[in-house]
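Have the viewer open while you read.

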2 protein chains.
Amino acid sequence: MTAPVARRGRPRSEDADGRILEAARELLFECGYDGFAMDEVAARGRVAKTTLYRRWPTKDHLLVALVARMQDEVPVADTGHLRQDLVDYLTAVADGLNRMRAVGRRGNPEDRSAGVVAELVAAAGRHPDVGEAVRALFARRNILPLALLDRARERGELRPGADSEAVFDQLAGALYYRLLVTGAPIGAEYVERLVDQVLAGAAGHTTPHPERTRS
Amino acid sequence: MTAPVARRGRPRSEDADGRILEAARELLFECGYDGFAMDEVAARGRVAKTTLYRRWPTKDHLLVALVARMQDEVPVADTGHLRQDLVDYLTAVADGLNRMRAVGRRGNPEDRSAGVVAELVAAAGRHPDVGEAVRALFARRNILPLALLDRARERGELRPGADSEAVFDQLAGALYYRLLVTGAPIGAEYVERLVDQVLAGAAGHTTPHPERTRS
């Protein structure tokens, strides 16, 4: 009786991980954060609960891994035309955030709450290891758009002094701020407005300086 | 025996509110979000529990009111020099966020979690009325910096087409993004970098256009 169990208990771990993450994605979009139960993930993913909990000790740890996978699905293309590349990338980011936001709406389209994303932000604050995992995930993932900005500066699409990190914070930050704080919509129209505003600048000077804006 | 009780139970409500909010502030900075207990707020504020709960049914409702009060303490000066006004305003916002972040650190200065702010964001997602209160609070409060940007455009410090809302989202959004998502520091040095980058723009053009950035 032990052989089949041992065989079933020894799938290649990426297969088990993949099944768990797909089950987690399905369950999250079906039931939302509150209704997301680890035992149900194990059942749907056809893995032993011990396997699941050994890999991800809490639902927050598992959800961070799911968000990492979803982020890796967002393409970061570099076609050499920065404005369009930024619009495409940020539209995909906003789409993902809007899907996550809809999960929390519990069927009410007027609900402007941030849903799952807000719960994950709180989990990151509550559990130091979840927080470290979230920050590592964004540090790893944000390398791609930051490199996109660096290359655009090298080929002259950004001014020489443009600060890639601050530029990226402005773009991603505006989306998350609207999602998490003000509840304002982040649709395709807003993404274009945002990218144009970030590229053009508020003052329209190429070299900002206190004396300059005071003249 | 009823007269003194009736007298004690009939303070002007703003006095009771003020005592409650001061007690809440003190307790929050002492004990953090998890240790924040409504009964202790009532005791420290010298109000009946029924008074407290009638006014704010949960700790999240009370904390939103406290954040509103703390935001109202952040000055938004318009001296006619936009860069400095933005730096001063956003430095004060960042200081407030950093104090709130420190509350969640539980004595560990290396902890980069967002603490109380993250918990409030999650509460706003979890309870529709808390979410509405948070969004109303920011809508009301953000009128001031948005007007600051509008006036700067009128006197020519911002380019005519500058989009105040998108500009403000970039500034506030970058701070919240670093606080809540990437965990990066938001100190005085970063605020200056951010303001300069937002004013100057990434491309350094005054009229952003797809064909322009592709040339």
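Let's start with one charged pair: R140(A) and D72(A) meet through their side chains in a salt bridge, at 3.5 Å from N to O. The two ends come from distant parts of the chain, with R140(A) in helix α8 (residues 128–141) of chain A and D72(A) in helix α5 (residues 59–72) of chain A, 68 residues apart. Before going further, keep in mind that this is a predicted model.

How exposed are these two side chains? R140(A) is partly exposed at 44% relative accessibility, and D72(A) is partly exposed too, at 42%.

Chain B has a salt bridge between D72(B) and R141(B), with the closest N and O atoms 3.6 Å apart. Because D72(B) sits in helix α5 (residues 59–72) of chain B and R141(B) in helix α8 (residues 128–141) of chain B, the pair ties together parts that are 69 residues apart in sequence. D72(B) is partly exposed, with a relative accessible area of 41%. R141(B), on the other hand, counts as buried at 7% relative accessibility, since the cut-off for buried is under 20%.

Back in chain A, D39(A) pairs with K49(A), and their closest N and O atoms are 3.4 Å apart.

| Pair | N to O distance |
|---|---|
| R140(A) and D72(A) | 3.5 Å |
| D72(B) and R141(B) | 3.6 Å |
| D39(A) and K49(A) | 3.4 Å |
| D163(A) and R193(B) | 2.7 Å |

Over all chains, the count comes to 44 salt bridges. As a general point, side chains of opposite charge can pair when their charged atoms come close.

Now for the fold of chain A. It has twelve helices and zero strands. Buried residues make up 53% of its 215 residues. Of the contacts in chain A between residues at least 6 apart in sequence, 64% join residues at least 24 apart. The chain exposes about 9700 Å², and carbon and sulfur atoms supply 55% of that.

What about the place where the chains meet? There, 61 residues of chain B are in contact with 61 residues of chain A. The area buried between chain B and chain A is about 5500 Å², with 54% of it from carbon and sulfur atoms. On the chain B side, R135(B), Y177(B) and A202(B) lose the most area to chain A, together 12% of what that side buries.

How many salt bridges run between chain B and chain A? The count is ten, and one of the pairs spanning the chains is D163(A) with R193(B), at 2.7 Å from N to O. Those two residues also belong to a network of salt bridges that links D163(A), E165(A), D169(A), R178(B) and R193(B).

Polar contacts between chain B and chain A come to 26 residue pairs, both residues at pLDDT 80 or more. Several helices of chain B each supply at least two residues of the side that touches chain A, among them α6 (82–103), α10 (164–182) and α11 (188–200). The largest share of that side, 15 residues, comes from α10(B). By type, the residues of chain B's touching side divide into 27 nonpolar, 18 polar and 16 charged.

Notes:
Residues numbered from 1 in each chain as written. Chains lettered and ligands numbered in written order. Predicted model: local features only at pLDDT ≥ 70, side-chain atom pairs only at ≥ 80, totals over all residues. Heavy atoms only, no water. Helix = DSSP H or I, 4+ residues; strand = E, 2+ residues; numbered from the N terminus. Buried < 20%, exposed > 50% of the residue type's maximum accessible area, 1.4 Å probe, protein only. Contact = heavy atoms within 4.5 Å. Areas by Shrake-Rupley, 256 points an atom, 1.4 Å probe, with all protein chains shown as cover. Salt bridge = Lys/Arg side-chain N within 4 Å of Asp/Glu carboxyl O. Buried area = accessible area lost by both parts, 1.4 Å probe. Polar contact = N/O pair within 3.5 Å; in protein donor to acceptor, adjacent residues only side chain to side chain. Nonpolar A, V, L, I, M, F, W, Y, C, P; charged D, E, K, R; others polar.
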